[in-house]
Amino acid sequence: MHSDENPLRVLIILAHPRRDSLCGALATAYRDGAQNTGVELRSLVLSELEFARDVSTDSPENQTLEPDLLAARDDLVWADHLVFVYPTWWGTMPALLKSFLDRVVMPGLAFRFYGPGAADWEGLWRGKSAQLITTMDTPPPVYRWLFKAPGHNAMARATLGFCGVRPTKILCFGPVRTSTPDKRARWLEKARRAGFALRTGVQSPVSRGWHRIKPWLTALRLQFYPMSWAAYSLGAVATRSALDWSIFMWGLVCVALLEAATVFSNERLDLATDRANANYGPFTGGSRVAVEGAIRPSQLRFATGLLLIGVLGAGAATLTLAPAPLITALWLLIAVITTLGYTMAPLKLSYRSLGEIDVAFTHSALVIVLGGLLQGGAVFEPILWLLSAPLALAILCSIILAGVPDRAADASVGKHTLAERFGSMTAFKLSAASVIASATIAVVFERLQWANGAFDGIRWFVLPHAALGLGLLWWYGHKPRQRLCRIDGLLIAMLTYMLWFVLIPWINLA
């Protein structure tokens, strides 16, 4: 938060090779808008700076900065808000801006490495924000959706984001070549309004609130919750057709809060391997919020504690309604131990090659039996375990595969997943065995009419999907090791495979 005594310091950087350009006019318009908003303004015109465009030493750190670059470096350090105005040429920034960044943005100024690994770094420009104003001849929707906005990503993520700058807003104007004078006038007015918007700060109140909430939503990794919720509801409908909704909802709250606490705990305790992980993706490598500094480990620890207090409260409410409170309390205790024990000492199951089995159990039998218990079932009621068996095996193949891209990072911190301990090929073979076993068991249960017909018709969905999964496993298994850094397609196929073992029984039993 900035005040009259401590105004926002704004640096406008014109990176077009010509000052008398549309970009130059946009920079002027932005400055005019910001002029009377109470901010401090400075400007840099890169075309007027004298400096060597190329890095001629073994590292930019070892090349002497010219006087103009020394002054520019001081301006970058001074600024709270960086405004880059430049054309998008051939999909990215012009050579002038790239040369400037190559020479000035270096370790010690914008970021630092604190360990021997390539991922042991932190941005030193945390607290700064940025605005990109760029022109292009490509229609902006085409640039964003077809070309995937390479220049925007390079500046906002790979450069400014790497250095800790957040948020970075983007104003994109185009196509310039076919624009009319009226359209350019509207663009200039939009740039002026963007500068004038600084009167209320870099972000609106709504944006500031979203910026605070978004890292926590990211850390929750909500994409993984529906599976456990669905398995919990499967156990409930398998036990009782007319659900007791009050106890069902309290149990669901317990499951959700416990899963959130586990995710936060994993995020904090796996920070070392996540930092070392260059192969992270939507299903592996954590949410990255701790790695990127959006949430501190101490905040994750505090949030985990709050969630566990919530689990205790929801659990107490659940037990007051439970048909068998003593057995339910014991099962909830097992749930807490097995879920938190995935990464938390003393169990640290994921570090002892037991994490995959733990996840398969907690996301199948644990929640299915809990759902049944709360609806009046028994812990060892056969139908609950029959439903759990093929689901656990289907989950197992996915969680084993998730360790393949993370192998090197896990090995560097002593995390012994099955993929790390036995290698990628063995991981593929174990996953294939899990696929075959889960499909076989489901079809046998269907043929024998076990589990009250819960598996009726499942062969029409599971067998084709299993064949697809085995084909993909064979294909990925024959790729060179360096091509296994990302296996998102295979993981999507296996994660969707497990859905049949909940969806079909749920439809048959509901």
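**Exercise 1. The surroundings of serine 431**

Which residues does serine 431 touch, not counting residues up to four places away in sequence? State also where serine 431 lies and whether it is buried or exposed.

*Solution.* The model examined here is a predicted one.

Step 1. Locate the residue: serine 431 belongs to helix α17.

Step 2. List the contacts. Leaving aside residues up to four places away in sequence, serine 431 touches Cys397, Ile400, Leu401 and Leu473.

Step 3. Classify the exposure. The relative accessible area of serine 431 is 0%. The term buried applies under 20%, and serine 431 is therefore buried.

**Exercise 2. The packing of α17 and α19**

Determine how helix α17 is oriented relative to helix α19, and identify the residues that make the contact.

*Solution.* Two packed helices are described by the angle between their axes and the distance between the axes.

Step 1. Helix α17 covers residues 424–448 and helix α19 covers residues 488–497; their axes come within 12 Å and cross at roughly 25°.

Step 2. Angles under 35 degrees count as roughly parallel, so α17 is roughly parallel to α19.

Step 3. The crossing of α17 past α19 is left-handed.

Step 4. On the side of α17, the contact is formed by Phe428, Val435, Ser438 and Ala439; on the side of α19, by Leu490, Met494 and Tyr497.

**Exercise 3. The packing of α8 and α20**

Step 1. Helix α8 passes α20 in a left-handed crossing.

Step 2. From α8, the residues Met227, Ala230, Ala231, Ser233, Leu234, Val237 and Ala238 meet Phe501, Val502, Pro505, Trp506 and Leu509 of α20.

**Exercise 4. The neighbours of strand β1**

Describe the pairing of strand β1 with β2 and β3, using isoleucine 12 as a reference point.

*Solution.* Step 1. Strand β1 spans residues 9–14, and five of its six residues are buried.

Step 1. Strand β2 (residues 40–45) is joined to β1 by six bridges, and the two run parallel. Serine 43 in β2 is the bridge partner of isoleucine 12.

Step 2. Between β1 and β2 the chain passes through helix α1 (residues 22–34), giving a right-handed β-α-β crossover.

Step 3. Strand β3 (residues 81–87) also runs parallel to β1, with five bridges joining them. Here isoleucine 12 stands opposite valine 83.

Notes:
Residues numbered from 1 in each chain as written. Predicted model: local features only at pLDDT ≥ 70, side-chain atom pairs only at ≥ 80, totals over all residues. Heavy atoms only, no water. Buried < 20%, exposed > 50% of the residue type's maximum accessible area, 1.4 Å probe, protein only. Helix = DSSP H or I, 4+ residues; strand = E, 2+ residues; numbered from the N terminus. Pairing = 2+ DSSP bridges. Right-handed = clockwise from strand over helix to strand, strands pointing away. Axes fitted to C-alpha atoms, helices over the stretch in contact; angles between N-to-C directions. Parallel < 35°, antiparallel > 145°, perpendicular 65-115°, else oblique. Left-handed = near helix turned anticlockwise from the far one by under 90°. Contact = heavy atoms within 4.5 Å.
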